[in-house]
Amino acid sequence: IRDRVSTQSTWGATYKQQAKDHSCSMVVFSRSHVYNHPWERVTIAFWQKYPNPLNTNVKDVDVIAREHDAKNHILRISRVLTTQGAVPEQFSKMVGADPCTYVMEEAECDARAKQLVIRSHNLTYGKVFSVVEECRYSQHPEDPDATLFEQTAEFRVSLPLGLRGSLEQWGTTSFLSNANKGLLWMEDLCQRIAKVKDVFLVNGFQRS
């Protein structure tokens, strides 16, 4: 029986030193999770993910591009997420940057293949640190009524060793916390969508 909510750590992580002068490092995360919901329901939940009461850092979501390939049943959407409070205040003051951070998200939804791929990266603080993430929702290969979620992320810090430690710790802790909150909220949304569908079915039977 699969867990409906991934409360146990299923993360794999590797740490790589990127420069001889120890001015740059990278942490790579990866994990997978199975939703006991069909791909269509999970996909609908993704588009309703914000606002997320479990992660209130995301303040705005702006669609900047949309492309629908009707022939191949593919939808491509680019969005910019505005977050506030996602970066430690002392760090923002140190680099003299806007407390708001911006994330570019590019999603491709292939209805025929039943696959949704989301790639994102930060637009703010790029010279100091970067987070490159890919999330993939696919119909489970062994269960058509379930969805396989795969997530990878690279967190890269470009600072001298003495300044890098606290930012690395904040970045990894914050990312893992938000990722787990995302799983919980997606599961909650899936359950809500399932209940709405059941209500429509019941009402339909009652009217017939």
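1. Start with one pair of residues. L116 stands opposite Y137 in β7. This is a predicted model.

2. β6 and β7 run antiparallel, and 7 bridges join them. The two strands form a hairpin with 6 residues between them. Look at Y125 in that turn: its phi is positive, about 65°.

3. Now follow β7 onward. Strand β8 covers residues 143-157 and runs antiparallel to β7. Here 12 bridges join the two strands. β7 and β8 also form a hairpin, with 2 residues between them. Within this pairing, V132 stands opposite E154 in β8.

4. Step back to the whole chain. There are 3 helices and 8 strands. Along the sequence, the pattern reads β-β-α-β-β-α-β-β-β-β-α. The protein chain has 208 residues, and buried residues make up 40% of them. Consider the contacts between residues at least 6 apart in sequence: 58% of them join residues at least 24 apart. The accessible surface comes to about 12,000 Å². Carbon and sulfur atoms account for 53% of that surface.

5. Which residues touch the most other members of the largest nonpolar core? They are Y35, L116, I118, Y137 and M186, in a core of 18 residues. Several elements build the core: α1 (39-47), β5 (100-110), β6, β7 and α3 (161-207) each supply at least two residues. The largest share, 6 residues, comes from α3. As a general rule, nonpolar side chains in soluble globular proteins tend to be buried together.

6. Take M186 as an example. Leave out residues up to four places away in sequence, and M186 touches Y35, V42, A45, F46, K49 and Y137. Another core, of 10 residues, lies apart from the largest one. Its members include V27, Y125, F129 and F155. Y125 is the turn residue with the positive phi.

7. Next, T124. Where is T124 found? It lies in the loop between β6 (115-122) and β7 (129-140). Is T124 buried or exposed? T124 is buried, because its relative accessible area is 15% and the cut-off for buried is under 20%. Beyond its neighbours within four places in sequence, T124 is in contact with C100, T101, Y102 and F129. T124 and T101 are 23 residues apart in sequence, but their C-alpha atoms are 5.5 Å apart in space. The side chain of T124 also reaches the backbone nitrogen of Y102 at 2.9 Å.

8. Finally, N52. This residue sits in the loop between α1 and β3 (58-69). N52 is buried too, with a relative accessible area of 5%. Its side chain reaches the backbone nitrogen of L54 at 2.8 Å. Which residues does N52 touch, not counting those up to four places away in sequence? They are K181, G182 and W185.

Methods:
Residues numbered from 1 in each chain as written. Predicted model: local features only at pLDDT ≥ 70, side-chain atom pairs only at ≥ 80, totals over all residues. Heavy atoms only, no water. Helix = DSSP H or I, 4+ residues; strand = E, 2+ residues; numbered from the N terminus. Buried < 20%, exposed > 50% of the residue type's maximum accessible area, 1.4 Å probe, protein only. Contact = heavy atoms within 4.5 Å. Polar contact = N/O pair within 3.5 Å; in protein donor to acceptor, adjacent residues only side chain to side chain. Pairing = 2+ DSSP bridges. Core = buried A, V, L, I, M, F, W, Y, C linked by side-chain atoms within 4.5 Å. Areas by Shrake-Rupley, 256 points an atom, 1.4 Å probe, with all protein chains shown as cover.
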